[in-house]
Amino acid sequence: MAQFTYIGDESGTDAFGLLFPAGVAVEVTQPHAINKLRGNRFFAEVFEGVEVIEATPTPKRRGRPPKAE
């Protein structure tokens, strides 16, 4: 169904009874596991050999805007 790659700092990890070596795509078939891995920042979903990494949103600037000249 879906393939995921572990992109964390360790050499690999196990989740949902599956072993995820770092940088290797692993096929995941359980719908619950797929939903959890899509929301996990240490995993990236792979589509036909292309790894998808979501861009990090830019933080909102807080406080008073700079003085206009």
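Does Glu-45 count as buried or exposed, and at what relative accessibility? In this predicted model, Glu-45 counts as buried because its relative accessibility is 13%, a value that falls under the 20% cut-off applied to buried residues. The residue belongs to strand β5, which spans residues 43–47.

The side chain of Glu-45 is joined to that of Arg-38 by a salt bridge, with a distance of 2.9 Å from N to O, and this separation lies within the 4 Å limit set for such pairs. Side chains of opposite charge can pair when their charged atoms come close. The two side chains are also linked by a polar contact, again at 2.9 Å. Under the criterion used here, the number of salt bridges comes to one.

Elsewhere in the chain, strand β2, formed by residues 12–15, runs antiparallel to strand β3, formed by residues 18–21, and the two strands are connected by four bridges. Within this pairing, Asp-14 is placed opposite Leu-19 of β3. The hairpin that β2 and β3 make has two residues between its strands, and in this hairpin Phe-16 adopts a positive phi near 55°.

Notes: Residues numbered from 1 in each chain as written. Predicted model: local features only at pLDDT ≥ 70, side-chain atom pairs only at ≥ 80, totals over all residues. Heavy atoms only, no water. Pairing = 2+ DSSP bridges. Buried < 20%, exposed > 50% of the residue type's maximum accessible area, 1.4 Å probe, protein only. Polar contact = N/O pair within 3.5 Å; in protein donor to acceptor, adjacent residues only side chain to side chain.
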